[in-house]
Amino acid sequence: MADKLTARQQAQLALLQGYPPLLEQLHRLIEEIAGLRADETLVRRLCRLLDTRKATADSVGLNSLAETMGAMSTIARRGGGLQMKIQGLREGLRSLKTNYEGALREASTPAREGGATPEARPPSASG
């Protein structure tokens, strides 16, 4: 049985390799906003970064990452109290890290021959 990565998994892995620096950059931007050193250009920069990465994640089928980044972008854009915005962005970043780890694990797991998913159980285990 030849276990190989599909073309989609290879594209996802290529994209996911650039995420550790992105997560650090997002963390720095959020903490700058939290430190009250932020102006509107910093918030726009965060939104632009989230929007572009959301589009690229969506293009290779990383929907959970794309949805999380979309939600974070919405939180950053909306008005209201700064503390609520910071709390939402921090929670979004934690969720993004969790989704990143899951996406990396899924993309690096070789697909089984015959289209079986890794979750599929062999017939002998069902009895």
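Reply: Contact here means that heavy atoms lie within 4.5 Å. The model is a predicted one. Leaving aside residues up to four places away in sequence, T68 touches G92, S95, L96 and N99. T68 itself is found in helix α4, which covers residues 63–77.

Me: Why is T68 called buried?

Reply: Buried means under 20% relative accessible area. T68 has a relative accessible area of 11%, and therefore T68 counts as buried. In the protein, buried residues make up 31% of the 127 residues.

Me: What makes E31 and R90 a salt bridge?

Reply: The term requires a side-chain nitrogen of Lys or Arg within 4 Å of a carboxyl oxygen of Asp or Glu. For the side chains of E31 and R90 the N to O distance is 2.9 Å, so the pair meets the cut-off.

Me: Why is R77 called exposed, and why is D51 called partly exposed?

Reply: Exposed means over 50%, and partly exposed lies between that value and the 20% limit for buried. R77 has 51% relative accessibility, so R77 counts as exposed. D51 has a relative accessible area of 29%, so D51 is partly exposed.

Me: What makes R28 a member of a positive surface patch?

Reply: Patch residues need over 30% relative accessible area and no salt bridge, and like charges are joined within 9 Å. R28 has 49% relative accessibility, so R28 passes the area cut-off. Arg counts as positive, and the patch is formed by R28, R44, R45 and R48. R28 lies in helix α2 (residues 19–34), whereas helix α3 (residues 40–59) gives the most to the patch, with three residues.

Me: How many helices and strands does the protein have?

Reply: The protein has five helices and zero strands. From the N terminus on, its elements run α-α-α-α-α.

Notes: Residues are numbered from 1 along each chain as its sequence is written. This is a predicted model: local features need pLDDT of at least 70, side-chain atom pairs count only at pLDDT 80 or more; totals for chains, interfaces and linings use all residues. Side-chain values use heavy atoms; hydrogens and water are left out. Patches are made of residues with over 30% relative accessible area and no salt bridge: like charges are joined within 9 Å, nonpolar side chains (Val, Leu, Ile, Met, Phe, Trp, Tyr) within 5 Å. Accessible areas come from the Shrake-Rupley method with a 1.4 Å probe; for residues, only the protein chains shown count as cover. The place of a charge is taken as NZ of Lys, CZ of Arg, CG of Asp or CD of Glu. Helices (H or I, at least four residues) and strands (E, at least two) are DSSP runs, numbered from the N terminus. Buried means under 20% relative accessible area, exposed over 50%, partly exposed in between (1.4 Å probe, protein chains only).
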